[in-house]
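Visitor: Hi, I have a structure to look at with you. Could you walk me through it?

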Amino acid sequence: MKVAIACDGKDVSAHFGHCEGYAIYDATDSVIAYSETLQSPGHEPGRLPVFLAEHGVNLIIAGGMGARAVQLFNDNNIEVILGVSGPVDVAAQNFIAGKLQSTGSICSHHDHECSGH
């Protein structure tokens with residue numbers, strides 16, 4: 001399984017669509033290994049799920065995203081875990097340990113509402 005974690009620096013991004021990039025991990029037999037970092041191609045509605053699917057991603061972890069984005073990821077056979085914060089490496093380890101559960105956190109910010117993205 002290939003896992004992407006939306007990141008800003010070394011922390012999980014609060015909003016996947018506006019993150020700096022994606023830390024990519026390979027998860028096999030209860031072991032997770034860092035693979036690479038993909039720079040975000042920029043926020044363009046509908047593009048990011050396809051971009052990550054093209055890189056073989058099966059799961060995205062982020063702080064939040066809009067309901068439409070969740071649906072687009074699901075349409076591209078990518079599972080979504082939301083409501084995650086803190087260091088990316090800790091999120092990766094918590095995932096492989098089975099300690100991450102999605103809160104279903106639909107993103108909203110002070111300057112815009114993300115549910116339409």
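This is a predicted model: local features need pLDDT of at least 70, side-chain atom pairs count only at pLDDT 80 or more; totals for chains, interfaces and linings use all residues.

Visitor: How much space lies in the largest cavity?

Guide: About 80 Å³, where a volume is the space filled by probe spheres set on the grid points, joined across faces, edges and corners.

Visitor: Which residues lie nearest its centre?

Guide: F16, H43, P45, G46 and A69, out of 11 lining residues; a lining residue has an atom within 4 Å of a point. Two or more lining residues come from each of α1 and α2 (67-75), and α1 gives the largest share, three residues.

Visitor: What classes of residue are in that lining?

Guide: Six are nonpolar, three polar and two charged. Ala, Val, Leu, Ile, Met, Phe, Trp, Tyr, Cys and Pro count as nonpolar, Asp, Glu, Lys and Arg as charged, and the others, Gly among them, as polar.

Visitor: Switching topic, in what order do the elements run?

Guide: From the N terminus, the order is β-β-β-β-α-β-α-β-α, with three helices and six strands in the chain. These are DSSP runs, H or I of at least four residues for helices and E of at least two for strands, numbered from the N terminus.

Visitor: Where is S40, and what is it in contact with?

Guide: S40 sits in the loop between β4 (31-39) and α1 (47-54). Neighbours within four places in sequence aside, S40 is in contact (heavy atoms within 4.5 Å) with C19, E20, G21, Y22 and L48. A polar atom of the S40 side chain also lies 3.1 Å from the backbone nitrogen of G42.

Visitor: And L82, buried or exposed?

Guide: L82 is buried because its relative accessible area is 3%; buried means under 20%, exposed over 50% and partly exposed in between, with a 1.4 Å probe and protein chains only. L82 is in the loop between β6 (79-81) and α3 (88-96). The C-alpha atoms of L82 and F16 are 9.5 Å apart, though 66 residues separate the two along the chain.

Note on methods: Residues are numbered from 1 along each chain as its sequence is written. Side-chain values use heavy atoms; hydrogens and water are left out. A polar contact is a pair of N or O atoms within 3.5 Å; within protein, one must be able to donate a hydrogen and the other to accept it, and residues adjacent in sequence count only if both atoms are side-chain atoms. On a 1 Å grid over the protein atoms alone, a cavity is a set of points where a 1.4 Å probe fits but cannot get out, and a pocket is an open set with protein on both sides within 12 Å along at least five of seven lines; lining residues have an atom within 4 Å of a point.
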